[in-house]
Amino acid sequence: MLGRGTWPEAGRIAEVLRAETVGGALLLAGAVVAVAWANSPWASSYAAVRDFGIGPEALHLHLSLATWAADGLLAIFFFVAGLELKREFVAGDLRDPRRAAVPVAAACGGVILPALVFLTVARGTPGAAEGWAIPTATDIAFALAVLAVLGRFLPAALRTFLLTLAVVDDLIAIVIIAVVYTADLSPMPLLAALIPLGLFTLLVQRRIRSWWLLLPLAAATWILVHASGVHATVAGILLGFAVPVLRSRKAGGPEAGPGLAEHFEHRFRPLSAGVAVPLFALMSAGVAVGGVAGLRSTVSDPVALGVFAGLVLGKPAGVMLATWLVSRFTHADLDTDLSWLDVLGLSLLAGIGFTVSLLIGELAFGTGETADHVKIAVLAASLTASLLAAIVLRLRNRAYRRIHEEETRDDDHDGIPDIYQRG
């Protein structure tokens, strides 16, 4: 388990991680600005900006900026997640079921156990069960931003594991959002959404990439899904899954280079990581703490405690347990260079549940005191998970440096040291 992947896949993962790391820094900046603004003397202006309505009323799209961020911008985030997930399982190292089993099982464990921890801690509280899914998702941008500070030399296999785990549990989260948090379903708009989605699929399968054809179809799909009552971010994941990963035989097949999914990923990942997610953080993370009294109220709220415990305790325990079960029942062993302490460090990072946790918190509790307590709990849990992961990963930093030197050494160029190959 967690062995080294192929060189091409390692290079592609490194490129993805660089983009997401920059996005994570911007996300953190957006969150800090939002919290500072919401607790400043100008807090009323933050609320006014967040609640400002814009959009065509005739299409039922006169929405607040906060709703546009949650429903519109995060659709871009999930579109990229869909592209990434499909590429991993069609053309990446994870097309091998043996490699895919570990991160997929870890993602499932990291969804089930946090939900059970939340329900246990918050049991008996009226309405609390609505929030069971809040601690189930990992924020990949936030987690990778932490990794950029802590784990410059973290082995590629561990980075790939964290990236894949986060993408898979984002997919699980979008399924939960579509199934659990759809209160009023309108079948006709949902069925109508199949028309632009089908046309979009037909065009991309024919490798047509003209924006003036694809963008209106994607927008129409999003509008109709939004009108159906299903959360509009579901449109993003469906559009991402529609894009082909491999080149057609006419275009030279897989050996001819990147397919359309990778082309779209290069174009949209900077928009997702650098604009969509940070703006969502700016619109959603702002919560008035209320000083000592506010913190005391949050700590005494079982819902907030359930969210915190689910992310900080349930998430790493679920990831660790699922990974150990795969090892136990498949007789797979960890790579000889790694230890279970490394898996613990990554499992703690998985407890950073910022973006999707905030989104599900809004869907579950709307606005009000409980919703504010959930935001504070998500922020506090993400910070705590980061600090705990820092402690664990730092213990292995010397081993990571040695593995990094081995991974970056290139012995395939007639004995010429890799430093000269890179110029």
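1. In this predicted model, Arg269 and Glu84 form a salt bridge, with their closest N and O atoms 3.2 Å apart. Arg269 belongs to helix H11 (residues 260–284) and Glu84 to helix H3 (residues 65–90), so this pair ties together parts that lie 185 residues apart in sequence. Both ends are on the inside by the accessibility criterion: Arg269 is buried, and so is Glu84.

2. A further salt bridge is made by the side chains of Arg87 and Glu262, at 3.3 Å from N to O. Here too distant parts of the chain are linked, with Arg87 in helix H3 and Glu262 in helix H11, 175 residues apart. Arg87 has 11% relative accessibility and therefore counts as buried. Glu262, at 15% relative accessibility, also counts as buried, because the cut-off for that class is under 20%.

3. Arg269 and Glu84 are also part of a network: salt bridges that share partners join Glu84, Glu265 and Arg269 into one group.

4. Arg50 pairs with Asp51 in a salt bridge whose closest N and O atoms are 4.0 Å apart. The distance criterion is within 4 Å. Is Arg50 buried or exposed? Its relative accessibility is 19%, so Arg50 counts as buried; the cut-off is under 20%.

5. For the overall count, the structure holds five salt bridges. Among them are Arg269 with Glu84, Arg87 with Glu262 and Arg50 with Asp51.

Definitions and conventions. Residues are numbered from 1 along each chain as its sequence is written. This is a predicted model: local features need pLDDT of at least 70, side-chain atom pairs count only at pLDDT 80 or more; totals for chains, interfaces and linings use all residues. Side-chain values use heavy atoms; hydrogens and water are left out. Buried means under 20% relative accessible area, exposed over 50%, partly exposed in between (1.4 Å probe, protein chains only). Helices (H or I, at least four residues) and strands (E, at least two) are DSSP runs, numbered from the N terminus.
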